[in-house]
Amino acid sequence: MPRVQCPTPSAQRPAPSDRLRIAIVNDRLIAVEAILQVLAAVPDCKIAWVACNGAEAVTKCAIDLPDLILMDLAMPVMDGVEATRRIVSRFPCAIVVVTASVKNRLSKVFEAMGCGALDAVNTPTLGDSAEDRSGELLLAKIATVRKLLGKSARRKSECRSKLERCFAPSLTPVVAIGASTGGPLALTAVLSRLPKNFSAAVAIVQHIDAQFAPGLVEWLNVQSPLPVRLAVEGGRLEPGKVLVAGTNDHLVLSPDLTLRHTREPRDCFYRPSVDAFFRSAAKYWPGKGVGILLTGMGKDGAAGLMSLRRAGWHTIAQDRATCAVYGMPKAAAELGAAVEILPVDAVAPAIVRFFGS
């Protein structure tokens, strides 16, 4: 069977609408065409996008979130089970499994439903067949989801909220910290005051050469009640763990919420750049977060902290009196990027207080 040629995802989220926006995730062109034929009978329905595999679906959800995803199971790169797990854990979105044979893939179907899929149905076939009721069953599933979403009476934002309460597990909150000159001591002042049972993930970007990063991690581990590790390519932010940028490239968050290293922007004097990480977190992390800018020379991190604040994060800058060098936090304060300006010893209690609220 030929593979689907997938369009490039839109860079903008759609305006709120009462229409049911449906995405299709399937690598077989004939299956996509059969599903589209069935969807033609759905009133007020719009095709949001088509993805060829689970990984592409996760990325597209971060850019353009539909109301409903019709998810195949057996696909290259990333199967439907893993894609369902990642999407439901991060985005308030309904998923119905549409696969070649539910009966022959029961274990995978149950895995997907355990990850948050609402239901499953066989993939419809092209053309009319009195013996094949899969198209009719798919329409029934879609009608059920429409009622659950309340698309006939509620706006999209309200539907998202309902789905988030019903289906999406809470996303791990994140603490993003940037520091430079005087940073190691300031970092210990913050980390040492976090509780052992702290449930948020912590990411640190400290201006330090890669050859010294392992030593910094080892030293912070002695001071911190939480385990401290170097961030690795493809890794993830995990609750109760501290990750430190450890290369001379920039650490950034990807659309699928994995960590990666990039040389861009190449003209940035600071490597790794606090701005680069803060901006990527503001763009892609859909959960709760606190951004913190500690002592350091220059302005790196100030604009990124403003991006976090505009994205709904709580933001903190270290005060002048406790900074070794009042450069980066000063730039953030002058920009209006910090919600709070605190002495370094008060930063950890403020974090705990914010997440406990």
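These legends go with a few close-up views of a predicted model.

The model is predicted, so local features need pLDDT of at least 70 and side-chain atom pairs pLDDT 80 or more, while totals for chains, interfaces and linings use all residues. Numbering starts from 1 along each chain as its sequence is written, and side-chain values use heavy atoms, with hydrogens and water left out.

**View 1. The seven-stranded sheet.** Here's an open sheet with parallel pairing, in the order β8-β9-β7-β6-β12-β13-β14 (strands are DSSP E runs of at least two residues, helices H or I runs of at least four, numbered from the N terminus; pairing takes at least two DSSP bridges). β8 and β14 each have a single partner strand, so one side of each has no neighbour in the sheet. Strand to strand, the twist averages 20° (axes are lines fitted to C-alpha atoms, for helices over the stretch in contact; angles run from 0 to 180 degrees between N-to-C directions).

**View 2. Where β13 meets β14.** Three bridges join this parallel pair. One to look for: A317 has I341 of β14 as its bridge partner.

**View 3. The two faces of α8.** A213, L216, V217 and L220 are buried (under 20% relative accessible area, exposed being over 50% and partly exposed in between; 1.4 Å probe, protein chains only). They sit on the same side of α8 because they cover an arc of only 100° around the axis (taken from the directions from the helix axis to the C-beta atoms). On the other side, E218 and V222 are exposed.

**View 4. Around I351.** I351 touches V175, V190, L194, F198, V290 and I292, leaving aside residues up to four places away in sequence (contact is heavy atoms within 4.5 Å).
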